Amino acid sequence: MKTSGYAAGSLLTVADLPMDEVAAILAATERIERMAGADRARMLAGRRIALLFYESSTRTRTSFELAAKSLGAITTLVSDKSSSIEKGESLKDTGLTLRALGAECIILRHANSGAPYLLAKATGLPVLNAGDGMHEHPSQALLDLRTILTRVPGLNTRRIDAKTLAGVTVVITGDILHSRVARSNAMLLPKLGAKVLLCGPKELLPEDALGLGFVGNTGSVEIERDFDKALKKAQVAMMLRIQRERLAGLELDVADYIVRYQLNEERLMGSAPDTVVMHPGPMIRGLEIAGEVADAPNSAIEDQVRHGLAVRTALLVRALGLGGFESVTS
Ligand code: NCD
């Protein structure tokens with residue numbers, strides 16, 4: 001799916017995000033982060049941003065909202081649980097209603113893959129995809145990229161190009177099949193030269209997963225089912241939750257899964273003592289990740305949350321004020 005034809009500043013997918021845009025978003029993130037609070041609060045003063053959430057969210061929703069508020073914008077949250085969506089209103093009509101109320105940008109999380117495209121087309125507004133079904137989570141991949149750039153030693157973070165992550169192997173382990181986080185990361189990170197190793201049992205990582213839209217499959221995205229082998233190659237271990245809400249009757253032997261794929265202290269220290277541990281959240285301690293690993297010095301999980309707030313300020317400035325965005329990227 002292409003983003004051309006949608007309002008400038010939309011972020012629907014990382015698939016066609018050019019390298020100079022990735023670099024511009026990261027540069028803007030840094031500039032905005034360094035600004036005095038009062039200057040930042042003038043950037044989108046009085047602009048109206050709607051958060052439209054059809055699925056639960058803690059980090060993504062809160063960080064978009066706090067990012068918008070730190071830029072001086074006015075935000076409103078519409079959730080499927082307490083709005084006319086419960087009465088059967090369509091996504092298109094909800095979008096048109098928000099536009100009539102003055103929304104200039106909509107941040108959308110939806111259970112259906114592709115929903116942000118429909119909304120962007122129906123409203124003509126910039127839409128930021130905050131996670132659509134099993135498809136994509138572009139802002140998560142960008143915040144994960146920033147976390148990797150700041151936590152993996154020896155990278156030249158000043159130069160964002162196809163070699164910036166050369167030599168970095170990112171192991172993504174868990175429920176790959178249902179994960180929009182895995183999909184966006186598997187598309188974005190190889191563009192910067194990273195190798196992505198997908199790891200998990202057949203039920204959660206079918207053989208043909210790479211054929212299901214993992215682009216850039218030129219040896220830069222591979223499957224390694226043996227977690228310990230994968231970890232030995234990893235500079236970054238990204239753990240994923242088993243998405244019970246999307247399993248659709250699929251039976252999984254959780255006890256066996258824990259034995260084979262849980263990131264615990266013994267495994268981390270044995271196979272990958274210097275590996276940066278990441279997790280997009282929400283994490284289920286004791287299942288895909290042991291509590292002591294989540295809290296270990298290797299863990300960049302809270303960094304990810306902080307970078308989420310920062311990256312999302314840049315995405316909002318990019319969506320709402322292109323002139324303003326240019327001034328913070330150069
Ligand atoms: C993820 C999501 O919703 O895609 N969480 C997030 O946004 N940080 C992952 C998940 O739900 O497991």
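On a 1 Å grid laid over the protein atoms alone, a cavity is a set of points where a 1.4 Å probe fits but cannot get out, while a pocket is an open set with protein on both sides within 12 Å along at least five of seven lines. Residues count as lining when they have an atom within 4 Å of a point. Grid points are joined across faces, edges and corners, and a volume is the space filled by probe spheres set on the points. The model is a predicted one, so to speak of local features takes a pLDDT of at least 70, and side-chain atom pairs count only at pLDDT 80 or more, whereas totals for chains, interfaces and linings use all residues. Residues are numbered from 1 along each chain as its sequence is written, and side-chain values use heavy atoms, with hydrogens and water left out.

The structure holds 2 cavities of 30 Å³ or more, and the largest cavity comes out at about 90 Å³. It is lined by 13 residues, and the closest to its centre are Arg59, Gln140, Pro280, Gln304 and Val305. Helices α3, α6 (138-151) and α12 each put at least two residues into this lining (helices being DSSP runs of H or I with at least four residues, strands runs of E with at least two, numbered from the N terminus). The largest share, 5 residues, comes from α12. Sorted by class, the lining has 4 nonpolar, 7 polar and 2 charged residues; here Ala, Val, Leu, Ile, Met, Phe, Trp, Tyr, Cys and Pro count as nonpolar, Asp, Glu, Lys and Arg as charged, and the others, Gly among them, as polar.

Helix α12 covers residues 301-320 and includes leucine 316. Leucine 316 has a relative accessible area of 0%, so it is buried (buried means under 20%, exposed over 50% and partly exposed in between, with a 1.4 Å probe and protein chains only). Leucine 316 and phenylalanine 64 sit 252 residues apart in sequence, yet their C-alpha atoms are 8.3 Å apart in space.

Now for the largest pocket, which holds about 410 Å³ of space. It has 21 lining residues, and Arg109, Arg180, Arg241, Gly281 and Pro282 are the closest to its centre. The elements that give two or more residues to this lining are α3 and α7 (180-188). By class, the pocket lining has 4 nonpolar, 10 polar and 7 charged residues. Glycine 281 and proline 282 are joined by a cis peptide bond, with omega at about -10°. Proline 282 belongs to the loop between β9 and α11 (291-294).

Strand β1 (residues 48-53) is mostly covered, with 5 of its 6 residues buried. It is joined to β2 (residues 74-79) by 6 bridges in parallel, and arginine 48 has isoleucine 74 as its bridge partner in β2. The chain gets from β1 to β2 through helix α3 (residues 59-70), and this β-α-β crossover is right-handed, meaning that with the strands pointing away from the viewer the path from the first strand over the helix to the second runs clockwise. Another 5 bridges join β1 to the parallel strand β3 (residues 105-110). In β3, phenylalanine 53 has arginine 109 as its bridge partner, and leucine 52 has leucine 108.

Leucine 108 also has a bridge partner in β4, asparagine 129. Strands β3 and β4 run parallel and share 4 bridges, and together with helix α5 (residues 115-123) they make a right-handed β-α-β unit. In β4, 6 of its 6 residues are buried.

The other open sheet described here has 5 strands in the order β7-β6-β5-β8-β9, again with parallel pairing. Strands β7 (221-223) and β9 (276-278) are the edges, each pairing on one side only. Neighbouring strands of this sheet are turned by 20° against each other on average, direction ignored. Strands β5 (residues 169-173) and β8 (residues 236-239) run parallel and are joined by 4 bridges, with valine 171 having alanine 237 as its bridge partner in β8.

Technical notes: Two strands pair if DSSP finds at least two bridges between them. Axes are lines fitted to C-alpha atoms, for helices over the stretch in contact, and angles run from 0 to 180 degrees between N-to-C directions.
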